[in-house]
Amino acid sequence: MPERNLLLKNVLGNFPGGISVLDRDLRVVFTNPAARDVLGLSDGALAQEPLFEDVLRFLLDPTASGGDDIAEQVRTHLDCAKSRTVHLFSWRRADGTTIEICSAPIADGGFVTTYTDITARMRTEALFKGQADVLQLIAQGTPLAKVLEQLMHLIEGQLTGIVSSVLLLDADGLHLRHGAAPSLDPAYCALVDGIAIGPNVGSCGTAAYGKAPVIVADIMSNPLWADFKDLVAPYGLRSCWSTPIFSPSGEVLGTFAMYSRSVRVPSLEEEHLVEVATRIAGIAIERKRTEDRIFHMARHDALTGLLNRGSLAPCVQQAITSAQDTGMQMSLVFVDLDKFKVVNDSMGHGVGDELLKVVATRLRAVAGEAASVIRYGGDEFIVVLADVPPSGDVTGHVVARIKAALGEPVILGGRNLAISCSIGTASYPADGQDLEALLTAADGNMYRSKQNETSLETEPAVSRSCLEDEHEASPAELLRGAA
């Protein structure tokens, strides 16, 4: 029997998991080295065969996370031990280590208790759950800033002493814009917002430019940060590791960065989290870009890039609402190209399309940033002017600029085209209270104007236009038909 006990003691002593044995009085009579390591105890800490209750109370740190809940778990665990039933619970030490404790009765009236460090498992489970939560936010169409902020919290929750950020590549492909950095000083975020990318622009600017990760172990001595180290110094950031965020097609969407307040390079675990963060951030950013493209396509004309006919009603209603709130007016300017069908028939639809693009560009240029320019039909355009002062002739000045701009010659298909147009205007509230009334008034004024306008100086051809004949129905009639 002694040999058997010695063998058992040797087996338990070398077992990789933490184990302790309790006698029938719940005194700890044996603890293997693994248990002492997991519990953070010295070799002599349990030499006096203390009561298991004293051990648990000794281990329980009231400052640790969930202290009240853990105290209740200890009481429950002791009750189960006294009633000789199995009980399992976990608690988190002040240093963040999570330990799972399980006690089960043995035949002679004692108990065997196991201690398992489940910190890595808990962190992995939290990471998987966190990824699922972020992906759900993406699927639900949550605003990109909130998605990225949640992702940063997830990554930072897996590490100690790390703050993270996402910068988004601007539409111009030359600058990085703030995406999310919930743990960075807002003043620092403002400093880097809009920074140009380049071969020696810190970690993020260089990573976006070179389309490759940039690991800077010491910001203060690395030449990539030579122009920026004085800016970052007040914030105590010493190392920065930046990785490009790619779309599925390999396009750079932005950068993900980890900052540390110590001089060092990333660990293997941190490198793994970089992969997680950049992959999920790429999904979120690409989803937002796709949504923006779909929204843009739904509201804009594919040929000219102007707002399309479906955008007219909301633009006019917004302008009317603003006029009601401010006491100003709004104007609707209806522009119709004269004899556009002749261009299509004589020179081909390709030339006609190019002419429409030229007209769209010129209308945008002269209408002003506050105006909405809409392609209403084949060769019909509408300019919505909001917040027009009651006094003065702002609308008249815009009409004059449009006529002058469209009157400039256009060279297309080797031909010099002289464009002419007919314009009709209507104002809220004088000419109508809603879109249909304003369209009817502007259309009537445009027809009266057309009688005095010149035609396009082109030679007619025999090819038939695929566009509708000019003014087969009035805009108001077309609007009612669409409804």
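Colleague: In what order do the 6 strands of the open sheet stand, and is their pairing parallel or antiparallel?

Modeller: Strands of a sheet pair through backbone hydrogen bonds, either parallel or antiparallel. In this structure, which is a predicted model, the order across the open sheet is S8-S7-S6-S11-S10-S9, and the pairing is antiparallel. Strand S8 (195-196) and strand S9 (214-216) stand at the edges with a single partner strand each, so one side of each has no neighbour in the sheet.

Colleague: How many bridges join S9 to strand S10, and which residue stands opposite valine 214?

Modeller: S9 and S10, the latter made of residues 239-246, run antiparallel and are joined by 3 bridges, with valine 214 facing serine 242 of S10.

Colleague: Which helices pack on the sheet?

Modeller: Helix H6 (residues 144-157) packs on it, touching strand S6 (162-169), strand S7 (175-180) and strand S11 (252-260), and the direction of H6 makes about 150° with that of S6. Helix H10 (residues 268-299) also packs on the sheet, where it touches S6, S10 and S11, its direction making about 145° with that of S11.

Colleague: Over how many bridges does S7 pair with S6, and over how many with S8?

Modeller: The pairing of S6 with S7 is antiparallel over 4 bridges, and in it leucine 169 stands opposite leucine 176 of S7. The hairpin of these two strands has 5 residues between them, and glycine 173 takes a positive phi there, near 70°. S7 pairs with S8 over 2 bridges, again in the antiparallel sense, and leucine 176 has isoleucine 195 as its bridge partner in S8.

Colleague: At what angle do the axes of H13 and helix H14 cross, and within what distance do they come?

Modeller: Two packed helices are described by the angle between their axes and the distance between the axes. For H13 and H14 (residues 394-407), the axes come within 9 Å and cross at roughly 145°, in a right-handed crossing. Val359, Arg362, Leu363 and Val366 of H13 make the contact with Arg401, Ile402, Ala405 and Leu406 of H14, and these residues divide into 6 nonpolar, no polar and 2 charged.

Technical notes. Residues numbered from 1 in each chain as written. Predicted model: local features only at pLDDT ≥ 70, side-chain atom pairs only at ≥ 80, totals over all residues. Heavy atoms only, no water. Pairing = 2+ DSSP bridges. Contact = heavy atoms within 4.5 Å. Axes fitted to C-alpha atoms, helices over the stretch in contact; angles between N-to-C directions. Left-handed = near helix turned anticlockwise from the far one by under 90°. Nonpolar A, V, L, I, M, F, W, Y, C, P; charged D, E, K, R; others polar.
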